[in-house]
Every structure is written in C-alpha cells, then in structure tokens.
Amino acid sequence: MNFGGEQREFDVISFGEIMLRLSPPGLERLSQSELLEKRPGGSELNVVSGISLLGLRTGIVTKIPDNDMGRFIKNKIRFYGVSDDYLIYDSSERARVGIYYSESGAYPRKPAVLYDRAYSSINSISIGEIDPAIYQSTRVFHTSGITLALSDQVRNTAVEMVRRFKENGAAISFDVNYRANLWDEETARKTICKILPYIDILFVSEETSRRMMQRSGTMEEIMRGYCEQFGCRIVASTQRKVKSPKCHSFNSIIYSHAEDKIYTGRPFEDIDVVDRIGSGDAYVAGALFGLLKYDSVQQAVDYGNAMSAVKNTTLGDMPASDFAEISRVIAAHNSGVAGDELNR
C-alpha cells in the first residue's frame with residue numbers, strides 16, 4: 001500500500017491548536033474546587049505525541065504566546081519527542097493560549113468540559129508565517145475538523161496547507177472530529193466535503209457520518225462511499241460502548257479501498273477509565289503508526305485499539321505509552337490468555 005511514500009525527515013507533521021487544560025483534582029466539580037491542575041492538550045498534538053512515543057519522527061505546526069504559558073507548552077512538546085521546529089510565537093499584546101476546563105464524571109454524573117478559547121493566538125496564524133520547506137519534509141500531514149472550526153483564518157490556512165502538502169507528495173490524514181459547540185452541521189459538512197478529495201486517510205465516527213455528513217447505508221457502504229466519491233484510500237471508525245463514565249469497551253473498523261476489505265480487532269472489554277479525553281487521538285496515533293511502520297491495515301487496527309484502550313487509563317490529554325508497552329498489550333490481548341498480575 002506504501003502509505004506516505006518515500007522516507008523523509010518526518011513521518012507525520014500535524015497542524016492544530018495547543019490548549020491549556022485546567023482540571024480539579026479527583027472527582028471534584030469545577031463549581032466547588034479551589035485547585036486546578038494544568039496540562040497541555042489538543043487533538044493534533046495528542047496524535048503526534050503518541051506517534052513519537054511509538055518511535056516515529058513527528059512535528060507540529062501551531063502558534064503559541066511568546067510568554068511563560070507558551071514556554072510551558074513548548075517544553076511539553078519537546079518532552080514527548082515532538083519537533084518544535086515549526087512553532088510560531090505570538091508576541092502581540094493580545095497573545096493568549098486557549099483554555100478548557102475539564103471535570104471527571106461518576107455515574108450518573110457525566111464528565112463535563114467548558115471552553116475559553118476565543119481569540120487565542122492560533123486564530124491569527126497565516127500561511128506566510130509557515131516555512132515553505134515544511135511541505136517537502138513529511139510522509140503524512142494530519143489535521144482535524146476541530147482546527148477547521150476555529151475561525152475563517154485558521155480554516156483558510158489549514159486548507160492551503162493540505163493543498164500544498166498534497167502537491168508535494170505527502171499523504172493527507174484527517175480526523176473529522178466534529179464538535180457541535182464549535183460550528184454548525186451545515187457549515188462543517190460543506191467545508192469538509194471540499195477538502196475530502198485531498199484526503200488519503202479518513203477518521204470519522206459512525207454517528208458523525210450518519211448525522212452531520214448525512215450518509216446512509218451499512219457502515220461498510222458508508223466507508224466505501226467516501227472512497228468512491230472522494231478518493232480516500234483508508235477510512236477508520238471507532239466503536240466505543242460507554243457502560244458508565246468509568247467503564248468502556250472499545251474496538252474499531254478500518255476499510256481499505258484497494259482491497260475492498262473491512263479490518264477489525266478483538267474488542268477491549270470493560271476498560272477501567274481514568275480519563276477518556278484524548279483516547280480518540282491516541283487511536284489515530286496508533287492507526288497511523290501501524291500504516292507507516294508496517295504498511296498494514298491490521299496493524300493499524302491493533303495499534304490504534306491498544307493505544308486508545310491504554311490512554312483511557314492515564315490522566316491528561318496526551319498518551320503515555322511507548323512501543324514496548326503497547327506491543328506487550330497487543331500480544332497479551334490477542335492471545336486471549338490472562339498474563340501476570342504485575343509487569344516485573
């Protein structure tokens with residue numbers, strides 16, 4: 001299948017906003033807690049961080065304030081092994097990092113998120129600020145519908161980046177990641193349909209396909225339809241069952257258009273959920289890793305499923321599992337045999 005073409009300096013480069021996540025400790029509510037813990041987060045950063053931890057070379061394009069909060073984010077990017085070569089620094093008087101507040105849930109109370117991201121620094125980004133050498137430097141470029149929804153300025157920049165990366169031979173990965181609190185369904189559908197002809201690897205949930213994208217038929221027919229209508233090569237969709245805020249099951253399906261074949265895995269049942277935020281991004285990271293490292297759709301399913309399942313068990317948006325751990329999880333899970341109680 002040869003995803004991503006020839007070897008380049010980077011395996012994956014992403015574009016998106018990096019935010020500051022503020023959370024009360026434990027199961028406290030935002031309305032009652034007097035303490036907040038800060039962590040970086042953002043869909044595209046979560047993806048390239050996971051791929052980096054698995055052993056491939058990644059980078060991110062974003063715009064952050066030229067202040068201590070921006071430096072906190074830069075240091076975290078470096079900690080995860082993601083290149084900061086293409087960070088853009090905002091030194092204007094209005095420079096700010098987007099914030100979101102997150103509280104955990106416990107049945108019957110659901111987890112909750114509150115955004116404070118208007119006018120953040122990324123909204124002033126322009127295509128002229130991005131080093132043009134980047135477009136020939138990566139095998140895959142990844143972004144998401146969250147980025148397209150931020151503002152007209154960010155949307156135009158993202159679409160132009162997709163076009164330029166495609167022209168220079170990179171495969172384009174896109175996670176629809178529809179958020180109703182960022183834009184309406186009609187605007188999202190029209191915008192995403194315009195860029196779908198550029199997309200090689202598409203991540204989209206069944207709910208988003210049927211509702212916002214207005215697709216019908218079986219899931220296999222929907223996935224095949226994206227490929228036949230727009231030219232996508234791979235379509236991936238996660239399958240999460242939420243039994244309670246603290247107990248989920250997870251699997252996924254991936255459709256390969258070249259083979260006209262659906263791949264799936266053995267589901268992870270009754271995951272002990274510590275923090276579900278970022279688990280979808282961890283799935284994308286594992287799936288892209290499987291495609292790029294092994295040129296294998298089944299490996300994409302296995303690494304995507306395992307990355308997502310394990311991410312649910314750790315705090316924060318960003319994954320925290322390396323190649324050795326995820327490989328052990330996959331081997332144990334696929335064997336169907338309970339292993340040792342402890343890793344010794």
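This is a predicted model: local features need pLDDT of at least 70, side-chain atom pairs count only at pLDDT 80 or more; totals for chains, interfaces and linings use all residues.
Good morning. Asn46 is found in helix α1, which covers residues 43-54. Helices here are DSSP runs of H or I with at least four residues, strands are runs of E with at least two, and both are numbered from the N terminus. Residues are numbered from 1 along each chain as its sequence is written, and side-chain values use heavy atoms, with hydrogens and water left out.

Let me return to Asn46. With 1% relative accessibility, Asn46 counts as buried. Buried means under 20% relative accessible area, exposed means over 50%, and partly exposed lies in between, using a 1.4 Å probe and protein chains only. The side chain of Asn46 makes a polar contact of 2.8 Å with the side chain of Asp281. A polar contact is a pair of N or O atoms within 3.5 Å; within protein, one must be able to donate a hydrogen and the other to accept it, and residues adjacent in sequence count only if both atoms are side-chain atoms. Contact in general means heavy atoms within 4.5 Å. Leaving aside neighbours within four places in sequence, Asn46 is in contact with Gly41, Gly278, Asp281, Asp317, Met318 and Pro319.

Next, helix α8. This helix spans residues 279-294, 16 residues in total, and reaches 22 Å from its first C-alpha to its last, close to the 22 Å expected at 1.5 Å a residue. The expected span is 1.5 Å times one less than the number of residues. Is α8 enclosed or open to the outside? Because 13 of its 16 residues are buried, α8 is largely enclosed by the rest of the structure. After α8 comes Asp295, with a positive phi near 55°.

We now turn to the nonpolar cores. A nonpolar core is a set of buried Ala, Val, Leu, Ile, Met, Phe, Trp, Tyr and Cys residues joined through side-chain atoms within 4.5 Å. The largest one has 52 residues, and those with the most contacts inside it are Ile60, Ile77, Phe203, Ile254 and Ile326. Helix α8 gives the most to this core, with nine residues. Apart from it lies another core of 45 residues, among them Phe15, Val162, Leu196 and Met219. As for Ile60, the residues that it touches include Ile18, Leu45, Ile77 and Tyr86, not counting residues up to four places away in sequence.

Ala306 is found in helix α9, residues 297-311. Ala306 is buried, with a relative accessible area of 0%. Not counting residues up to four places away in sequence, Ala306 touches Phe268, Ile326, Val329 and Ile330.

Helix α7 covers residues 219-230; its 12 residues reach 17 Å from the first C-alpha to the last, close to the 16 Å expected at 1.5 Å a residue. Which residues of α7 are buried? They are Met219, Ile222, Met223, Gly225, Tyr226, Cys227 and Phe230. These buried residues pack against α5 (185-195), β10 (201-203), α6 (206-210), β11 (234-244), β12 (247-256) and β13 (261-264). Gly231 follows α7, and its phi is positive, near 90°.

A disulfide is a covalent bond between the sulfur atoms of two cysteines. The rule applied here asks for a pair of cysteine sulfur atoms within 2.5 Å, and the count comes to zero disulfides.

Finally, the aromatic rings. Rings of Phe, Tyr and Trp (its six-membered ring) pair if their centres lie within 6.5 Å; planes under 30 degrees apart count as stacked, over 60 as edge-to-face and the rest as tilted. The structure holds 12 aromatic pairs. In one of them, Phe141 and Phe165 are stacked, at 4.3 Å centre to centre with 10° between the planes. The pair links distant parts of the chain, with Phe141 in strand β8 (residues 138-144) and Phe165 in helix α4 (residues 152-167), 24 residues apart. Phe141 is buried at 0% relative accessibility, and Phe165 is buried with a relative accessible area of 0%. Ring pairs also link Phe289, Tyr294, Tyr303 and Phe323 into a cluster. Thank you for your attention.
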